[in-house]
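Open the model in your viewer and show both the cartoon and the side chains. The tour moves from an interface to a single residue.

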Amino acid sequence: MNVLRSYISRGTSGVLQIPEVIVPCFIHTTAIRKTFWEKEKKSGYTSNVTLPSRKDLIVEGFRELKKEIQLWKDEMKEKLDCDPILVYRPGETDVVFNFKNESAFDNWIVTTDADHREGKSTAKLEMSSGGAGLFHGNVNSEHVRDGIVKRTGYANIRTKRVRRSFKRESTYDWTQYNTLVMKIRGDGRSYLINLHTEGYFDIQWNDVYHYVLFTRGGPHWQLVKIPFSKFFLSSKGRIQDRQGPIRLDRVTHFGFSVGAKNNMDGPFQLEIEYIGLEFDPNHREEFAYEMYKTDKYIVAT
Amino acid sequence: MIRKLANVFRGQLKYNGNSFQNVPPTWYSETSKAFYCTKSENESQAQNDDSARGGRGKSNIRKPPLPAIQNPFANVTNKTKESYLAMLEIFEERDVHRRNHVEFIYAALRNMADFGVEHDIEVYKALINVMPKGKFIPTNVFQAEFMHYPKQQQCIIDLLEQMEDLGVMPDYEMEAMLLNVFGRRGHPLRKYWRMMYWMPKFKNLSPWPLPNPIPDDTLNIAQLAVERMCTVDLRSKISVYETKNVQDSIDDTWIVSGMSAEQSQLLRDHPRDKAVYIEGPFLIWLRNRSINYFTLRADPDPNLLQSLQEDQEDQDDVSRLKAPFFGASIPRPKNAVGKNRSVHQQEDGTIFAICATGTSTKDSLLSWIRLLESNGNPTLGEIPVLFRFKSVVTAKAIEIEDKAKSDNLQSNPSSKTTD
């Protein structure tokens, strides 16, 4: 212990006094990851929002109570009604996220690499002149080469966590559908569709199912239909070895990403009119990716 | 061919008594003498130089300290694939132990773009070939499990990741090489297998395939872009015009125009008193190239949209059931046979044509309208055509001005009070 302490003191003072001598020290300038255990869901990328005073919080809480009780009432009513949709007619799109009205935008959160001072990308989600959601901005892969951040240049939108009354977290249940339908107008870039299926345990916190959204570009609207069987699992941006079809009753967030990879720095623009779901009886595929049996201790290591 | 070149090079080395410092600097400049030599070596060299010059005073002129490791790739004058591979060859031949080969590979990876070889599988293979064969293969379970030679394995993983990022597909020879270097339980092998599983799946996924690499010529890019945008209508025709044949045109440039027979018909049916607009510039991306395009459009036809609204009957509404037994028979659905709505008739307007021009100026767009008029759309001469330009520059200027204003306010809040 004493040895360690002396090393630390030498390490800190050494930096101040003799810059040329490199002291073998135990202090790391970069974070070292000791285990795979995660303390919190954001893995250190927390937002520095200062909470209001306790008094304000209590007042605000009571104000929200009214809305929450109303929500709870609606929920109970629906439960007692006991009138679920039993037949999902083919060819009929049920819209989940509609951008026609202004209030829909409150449900979405825009993030870029600039939020944590790791890049210079900008992005906005607002109503376009045509009355649709316009996700636009500028992706920039330029960044400070600090030795930690390897690549930058992304913009992302994501819905807020779906919840029930009294701020209880819940999930979407899309099990009756098998196709994602979107009416969009892009700019020729490819975007990433993200279906987050956040789980309870820390290794499931970053589970995201992805698929590519290719946009045609041009002035015409584009109707996109993507079967859910095409989505593949990844975690923290890495495709996982152990794959499986998406659990559609566990979807927690929905989002789009765009990156500046391979000199694609510049403006981007994705106009979304609606995002819906459809049941296509002709689509029988469960999972689009074949799964081979491999040697032991090779997969997921 | 490369092998031959390398042999030639080696021959030169031998001829010069195997000291490559004396090789006439054809592609390898003199400054790169210190090929991965350490700081102390450099200093001793510098001192030798000083003393050779003869007592010019050591203390007066203080040289800036040299970095510990020099980048051998930065000093190459002729940056080609041949010279890059020759550098690897030199490194391999330099000594038996190939010291610092991990650092060398990292340096080589960083400098690939300068040599224009970052998309070349052959070069990546040559880099993997720098690694010694057989040395890093684990011999027992514990070595295999705890990442035997982690720095070396991570280095090759990073190499593979660079390939993945740039979309360079590995081949089976690379698998054999990795097997020879790291054995069948090596982590780079796992990375390789993952890449070979996923990369072919995504390679040709796009419904609008593009040539790889994208051509550099703007006209070709414009053609690709307009073709891509026109896939919405299979009857679209892409035509390339030259403006020098147009009367009164100032610019001498090209115009790529896309228009279908359906759009022609829509333009013919367009009322003569309603204006059409040339809008733009809008941006379209083709992989990492972007190009501006313009559209010829009109405001949406309210009658058409109205009729579409009327047609829609809510089938779930059971409050107004129409039974055929009482009263009049069920009216047949309107417009069951009749005009279909075209893809070009959108809620936000009717699109008649798309174009990209070489200069993107108003003059070239005017030439485009004239060319459209003379090529099968004579009605364009009777319809008023208006420009609706979306200037990116002014928007940016306003943004900057606003920002400067807000900054001013923040910096001296007293100015607010004086107002």
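**Stop 1: the interface of chains A and B**

Across the interface of chain B and chain A of this predicted model, the rule finds 10 salt bridges. Select B:Asp165 and A:Arg151 for one salt bridge, in which the closest N and O atoms are 2.2 Å apart. Polar contacts between chain B and chain A, with both residues at pLDDT 80 or more, number 19 residue pairs.

Next, colour chain B by secondary structure. On the side that touches chain A, at least two residues each come from helices H8 (150-166), H10 (187-203) and H11 (218-229) and from strands S3 (276-286), S4 (289-298) and S6 (349-357) of chain B. H10(B) gives the most, 8 residues. By class, this side of chain B has 17 nonpolar, 7 polar and 14 charged residues.

Now select the contact residues on both sides: 38 in chain B and 42 in chain A. The area buried between the two chains is about 3400 Å², and carbon and sulfur atoms give 51% of that area. Highlight B:Asp165, B:Trp198 and B:Trp285, which supply 19% of the area that chain B buries against chain A, more than any other three residues.

**Stop 2: B:Ser257**

Move to strand S2 (residues 254-260) of chain B and pick B:Ser257. Is B:Ser257 buried or exposed? Its relative accessibility is 1%, so B:Ser257 counts as buried.

Show what B:Ser257 touches beyond four places in sequence: among these residues are B:Val226, B:Ile238, B:Tyr241, B:Cys355 and B:Leu372. B:Trp368 is also on that list, and its side chain makes a polar contact of 3.0 Å with the side chain of B:Ser257.

How values were computed: Residues are numbered from 1 along each chain as its sequence is written. Chains are lettered from A and ligands numbered from 1 in the order in which they are written. This is a predicted model: local features need pLDDT of at least 70, side-chain atom pairs count only at pLDDT 80 or more; totals for chains, interfaces and linings use all residues. Side-chain values use heavy atoms; hydrogens and water are left out. Contact means heavy atoms within 4.5 Å. Buried area is the accessible area (1.4 Å probe) that two parts lose on being put together, summed over both. A salt bridge is a side-chain nitrogen of Lys or Arg within 4 Å of a carboxyl oxygen of Asp or Glu. A polar contact is a pair of N or O atoms within 3.5 Å; within protein, one must be able to donate a hydrogen and the other to accept it, and residues adjacent in sequence count only if both atoms are side-chain atoms. Helices (H or I, at least four residues) and strands (E, at least two) are DSSP runs, numbered from the N terminus. Ala, Val, Leu, Ile, Met, Phe, Trp, Tyr, Cys and Pro count as nonpolar, Asp, Glu, Lys and Arg as charged, and the others, Gly among them, as polar. Buried means under 20% relative accessible area, exposed over 50%, partly exposed in between (1.4 Å probe, protein chains only).
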